[in-house]
Amino acid sequence: MEKDEIISSMILELRRGTIILSVLSQLDLPVYGYNLVTLLSEKGITVEANTLYPLLRRLESQGILASQWDTEESTKPRKYYQKTQFGEEIYSIIKKHWLDTVSIMNSLIEPEVSI
Amino acid sequence: MSEHDLIERYIYAVTRKLPRRMRDDVSKELFSLISDMLESRCGDIRPSEKDIRVVLTELGTPSELANNYLPDKINYLIGPEYYHTYKTILLIVIAATSFGMLLSGFILLIIGSEEFNSIFHFFEWIGNTLFSMIMVFAFITFFFAFFERKGIKIDINDNNLDELPPVPLKEEVISKSGTIFSISFSIVFCIIFLLIPQIFTFTDGENWIPIFSISSIHRMWYLFVLFTLFSLIKEVYKLYIGRYTKKLAVLSIVTNLFSVVPAYLFTHTHSLMNQTFITTISALFKMEEDADFILYLFQNIPSIFFIVIVFALMLDAVTTIIKALRYDKS
């Protein structure tokens with residue numbers, strides 16, 4: 001039991017860091033929240049709506065995302081989020097960090113493969 | 001209950017906990033999220049109440065969801081910065097208070113005081129003890145919550161590496177156990193002195209005569225509490241800072257100066273001594289050569305007390321200043 005708990009909390013910790021990057025990667029064009037949940041889950045990333053919605057809002061308040069309510073497309077009003085210019089810059093920097101980290105991590109945990 | 005009602009109640013429960021400016025937008029957003037989730041679950045079929053319940057459960061409880069929306073900085077009553085000190089102080093003070101209360105109750109029971117002559121009174125006393133613990137708890141919590149709210153830094157500034165104080169030498173460190181002892185002792189003494197001043201007695205061989213005027217002490221209790229409080233503030237800070245610093249020296253000067261006021265009022269407002277005690281004493285020394293002088297001394301016990309207190313306060317302040325100047329090179 002305890003072993004499972006330790007593992008799941010570690011996985012949660014690992015995933016937490018990746019959420020922002022996965023979200024930013026999908027927001028070149030305007031996407032609304034729930035659509036993003038399904039988009040990501042189709043690609044194998046599970047993000048709960050109750051984490052994603054507050055996160056989108058936080059990124060917006062940091063100027064990384066911009067949002068717009070679309071009330072015309074359907075009867076249902078939806079809030080669309082998209083990366084801003086600033087968000088674009090941030091994203092490319094963070095992406096580079098990620099790629100570096102991945103290659104370093106790979107050489108750490110699987111040295112034979114990477115050499 | 002209609003389905004919409006359940007969703008509305010859920011959304012209201014979430015947004016109610018959010019800042020006003022966020023509410024409308026979050027509420028609209030959640031409404032469209034929930035209908036999206038229902039749509040993907042049920043397609044074109046009208047969702048049943050059960051579907052709604054499943055979807056809302058998936059979103060988590062309203063307070064969990066609201067917490068996700070709130071900014072990272074959570075409002076603490078007492079945050080992690082103060083919590084450790086808060087817990088230590090709370091433990092010491094509550095332990096000392098309950099010990100003092102129980103001890104004085106026990107003493108009253110043993111000496112068979114008039115107002116304390118049955119086991120019933122002892123239970124009543126235990127009730128009083130619990131009440132005083134709650135009061136102490138409330139007071140300390142209020143104090144720390146005030147610090148938290150005002151963001152008063154009680155910590156040594158550790159943002160700047162250069163400002164980190166040097167590792168203290170052995171003699172620079174204020175002993176934790178010594179400070180804890182003096183905090184506990186002040187509290188226990190304060191309680192016993194105020195609640196059962198009659199245990200300070202004198203006997204002429206026949207009767208037990210209280211040294212102090214009990215009614216005066218009961219009338220001026222708050223002065224004594226104030227006096228104790230000033231010394232507690234200083235001791236608590238000592239416990240926290242753990243070494244002699246200039247700040248501690250300043251605090252000692254301030255609290256010791258303030259202490260003089262209640263000390264003077266306590267010893268001089270009402271007659272502190274029991275008059276019967278004075279007359280008995282003077283009767284005892286009637287035959288002596290310097291009877292007048294002895295009587296004079298006894299009649300002026302309050303002033304002597306006051307002088308001794310002032311002397312002790314000065315001594316304390318001066319030693320703290322000297323140690324601070326010697327050890328605090330910052």
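Helix α3 of chain A and helix α4 of chain B have axes that come within 8 Å and cross at roughly 30°. This is a predicted model, where local features need pLDDT of at least 70, side-chain atom pairs count only at pLDDT 80 or more, and totals for chains, interfaces and linings use all residues. Residues are numbered from 1 along each chain as its sequence is written, and chains are lettered from A in the order in which they are written.

**Where α3(A) meets α4(B)**
- α3(A) and α4(B) are therefore roughly parallel to each other (angles under 35 degrees count as that).
- Their crossing is right-handed.
- On the α3(A) side you'll find A:Asn50, A:Thr51, A:Pro54 and A:Arg57, which meet B:Leu65, B:Asn68 and B:Tyr69 of α4(B); contact here takes C-beta atoms, placed from the backbone, within 7 Å.
- Sorted by class, the residues of this contact come out as 3 nonpolar, 3 polar and 1 charged.

**The two chains together**
- Across the interface, 12 residues of chain A are in contact with 12 residues of chain B.
- Chain A's side gets two or more residues from each of α2, α3 and β3 (78-83), with the largest share, 6 residues, coming from α3(A).
- That side of chain A has 5 nonpolar, 3 polar and 4 charged residues.

**Nonpolar cores**
- A nonpolar core is a set of buried Ala, Val, Leu, Ile, Met, Phe, Trp, Tyr and Cys residues joined through C-beta atoms within 7 Å, and buried means 20 or more other C-beta atoms within 10 Å of a residue's own.
- The largest one has 30 residues, and A:Ala49, B:Leu33, B:Met37 and B:Val55 touch the most other members.
- Setting aside neighbours within four places in sequence, B:Met37 is in contact with A:Tyr34, A:Ala49 and B:Val55.
- Apart from it lies another core, of 16 residues, including B:Tyr82 and B:Ile183.

**A helix pair within chain B**
- α5 (residues 80-111) and α6 (residues 119-150) of chain B pack at about 160°, with axes 9 Å apart.
- That makes α5(B) roughly antiparallel to α6(B) (over 145 degrees).
- The residues of this contact divide into 17 nonpolar, 6 polar and 1 charged.
- Among those meeting across the pair are B:Tyr82 and B:Leu109 in α5(B), and B:Phe122 and B:Glu148 in α6(B).

Notes:
Axes are lines fitted to C-alpha atoms, for helices over the stretch in contact, and angles run from 0 to 180 degrees between N-to-C directions. Helices (H or I, at least four residues) and strands (E, at least two) are DSSP runs, numbered from the N terminus. Angles under 35 degrees count as roughly parallel, over 145 as roughly antiparallel, 65 to 115 as roughly perpendicular and the rest as oblique. Two residues are in contact if their C-beta atoms, placed from the backbone, lie within 7 Å. Ala, Val, Leu, Ile, Met, Phe, Trp, Tyr, Cys and Pro count as nonpolar, Asp, Glu, Lys and Arg as charged, and the others, Gly among them, as polar. A residue is buried if 20 or more other C-beta atoms lie within 10 Å of its own, exposed if 12 or fewer, and partly exposed in between; C-beta atoms are placed from the backbone. A crossing is left-handed if the near helix is turned anticlockwise from the far one by less than a right angle, and right-handed if clockwise.
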